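Reader: I am new to protein models and would like to learn how to read one, a feature at a time. Could you take me through this one slowly?

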Amino acid sequence: MRTLIVYATRYGCARKAAEKLCELFGADAALVDLARDRDPDPGPFDAVIVGGSIQAGRVQRTVRAYCGKRAAELGGKRLGLYLCCMYEGDVAHKQLADAFPEALRDRATACGLFGGELDFEKVGFAARLVVRKVAGVTESVFKFDAGAVEAFAEKMKG
């Protein structure tokens with residue numbers, strides 16, 4: 001199954017997930033960073049996986065734009081949607097619901113929440129201040145869930 005994996009990331013967690021997915025899908029997978037190619041063609045692929053991460057409560061603009069522009073084509077593919085975020089439970093599910101259009105979520109073979117990472121070494125001073133004030137986080141947090149990525153891949157391969 002030829003699989004296109006497109007993602008956007010700010011500090012690297014969504015890229016980590018995309019790279020893990022690419023490894024799990026093997027030679028038939030193509031990996032595209034939406035920062036480098038904002039409109040990859042899903043046409044030649046059997047499956048498409050779209051992922052991003054949450055900053056300031058929203059998924060990246062490039063992810064929203066890609067899903068909006070390619071909604072009809074994505075709806076006709078085996079589709080996976082994933083999100084990296086720091087929250088769990090209902091809050092994480094709400095962020096996933098807000099990140100992707102309902103029509104795509106309803107059509108998706110798999111929707112995944114892969115945890116998140118906040119590495120204070122990678123974020124700037126201003127971002128650290130905002131995170132401390134808004135989220136109350138004072139040190140780096142690493143909650144990336146590789147097991148969730150593997151389960152998502154298995155469901156996509158179905």
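Author: Let us begin with burial: a residue counts as buried when its relative accessible area is under 20%, as exposed when it is over 50%, and as partly exposed in between, using a 1.4 Å probe and protein chains only. Alanine 14 is buried, with a relative accessible area of 0%. Before we go on, note that this is a predicted model, in which local features need pLDDT of at least 70 and side-chain atom pairs count only at pLDDT 80 or more, while totals for chains, interfaces and linings use all residues. Residues are numbered from 1 along each chain as its sequence is written, and side-chain values use heavy atoms, with hydrogens and water left out.

Reader: In which element does alanine 14 lie, and which residues does alanine 14 touch?

Author: Helices (H or I, at least four residues) and strands (E, at least two) are DSSP runs, numbered from the N terminus, and contact means heavy atoms within 4.5 Å. Alanine 14 lies in helix H1, and, not counting residues up to four places away in sequence, alanine 14 touches Tyr7, Ala8, Thr9, Gly52, Ser53, Tyr82 and Cys84.

Reader: Where is threonine 138 found, and is threonine 138 buried or exposed?

Author: Threonine 138 is found in the loop between helix H6 (125–135) and strand S8 (141–142), and with a relative accessible area of 56% threonine 138 is exposed. Threonine 138 and leucine 81 are 57 residues apart in sequence and 30 Å apart in space, C-alpha to C-alpha.

Reader: How should I read burial along a helix, and which residues of helix H2 are buried?

Author: One can look down the axis and take the arc of the directions from the helix axis to the C-beta atoms. In helix H2 (residues 61–69), Thr62, Val63, Tyr66 and Cys67 are buried. Seen down the axis of H2, these buried residues fall within an arc of 130°, so they line one face of the helix. On the other side of H2, Arg61, Gly68 and Lys69 are exposed. The buried residues of H2 pack against strand S1 (3–7), strand S3 (47–55), strand S4 (58–59), helix H3 (71–75) and helix H5 (102–107).

Reader: How do I describe two helices that meet, and at what angle do H1 and H7 cross?

Author: Axes are lines fitted to C-alpha atoms, for helices over the stretch in contact, and angles run from 0 to 180 degrees between N-to-C directions. The axes of helix H1 (residues 13–25) and helix H7 (residues 146–157) come within 10 Å and cross at roughly 45°. That makes H1 oblique to H7, since angles under 35 degrees count as roughly parallel, over 145 as roughly antiparallel, 65 to 115 as roughly perpendicular and the rest as oblique.

Reader: Which residues make the contact between H1 and H7?

Author: On H1 they are Ala17, Lys20, Leu21, Leu24 and Phe25, and on H7 they are Val149, Glu150, Phe152, Ala153, Met156 and Lys157.
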